Amino acid sequence: VVRFRVGKGTVYLMTVYAYPGHERLREVASALLAKLASENRPECRVDDPAREVFWNQWNESEHVRRMMLLNTDWTTAGNRKKVNVATPCVSFETEVVERVPMLLTVLPFAVLDPDPQLHVEVLSASETGAKLRLHGTGRPWMTVRYANGAVESMEIDLTANTVLETSLSSR
């Protein structure tokens with residue numbers, strides 16, 4: 001195994017006589033891969049024991065990340081999969097419902113889990129607060145999980161207007 005530093009990362013090269021999945025190399029290759037994976041876990045991640053929840057994460061700005069989770073077990077309509085979500089500020093267990101996308105907004109001080117009918121636009125964010133513009137109709141909900149462990153569920157009244165500007169601060 002040869003290791004090269006390239007830019008901000010590292011490249012590993014296995015120089016072996018057969019492909020890494022070959023029966024005589026399988027244990028060595030899988031052990032190396034498991035070690036590298038455990039050393040390079042992302043700050044935001046989803047641990048899914050069922051291995052049925054697809055997820056990804058993207059950075060919008062220095063203080064705003066988005067995570068999208070989708071239950072891909074389509075064998076039973078409406079089934080729920082329990083997952084653990086880990087972020088730099090809070091970790092929590094939640095359920096992802098089949099065919100219902102979960103779009104989390106990760107801020108330095110909280111994670112926002114809105115109703116799928118609600119779009120959260122982050123106007124500005126810092127280590128201690130954020131200004132939000134919420135888009136939707138009716139009375140969608142949003143759960144806010146703060147870094148100190150507090151959890152707040154709120155109903156957003158968008159019956160008169162389809163846009164609401166609000167602020168959140170750390171607790």
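Me: What is the strand order of the open sheet of six strands?

Reply: This is a predicted model in which local features need pLDDT of at least 70 and side-chain atom pairs count only at pLDDT 80 or more, while totals for chains, interfaces and linings use all residues. Residues are numbered from 1 along each chain as its sequence is written, and side-chain values use heavy atoms, with hydrogens and water left out. Strands are DSSP runs of E with at least two residues, numbered from the N terminus, and two strands pair if DSSP finds at least two bridges between them. With antiparallel pairing, the order of the open sheet is 4-5-8-9-12-13.

Me: How many residues lie between strand 6 and strand 7 in their hairpin?

Reply: Seven bridges join strand 6 to strand 7 (residues 91–97), and the two run antiparallel. Within this pair, lysine 82 faces glutamate 95 of strand 7. The number of residues between the two strands of the hairpin is four.

Me: Which residue of strand 6 is the bridge partner of arginine 45?

Reply: Strand 3 (residues 45–47) is antiparallel to strand 6 (residues 80–86), with three bridges between them. The partner of arginine 45 in strand 6 is alanine 86.

Me: Is arginine 145 buried or exposed?

Reply: Arginine 145 belongs to strand 12 (residues 141–146). Leaving aside neighbours within four places in sequence, its contacts (heavy atoms within 4.5 Å) include Glu93, Asp113, Phe92 and Phe109. Buried means under 20% relative accessible area, exposed over 50%, and partly exposed in between, with a 1.4 Å probe and protein chains only. At a relative accessible area of 15%, arginine 145 is buried.

Me: Why is the sulfur of cysteine 44 too far from the closest cysteine sulfur for a bond?

Reply: A disulfide is a pair of cysteine sulfur atoms within 2.5 Å, and a search of the whole structure finds zero of them. Both cysteine 44, at 0% relative accessibility, and cysteine 89, at 14%, are buried. The sulfur of cysteine 44 is too far for a bond because its distance from the closest cysteine sulfur, in cysteine 89, is 8.1 Å.
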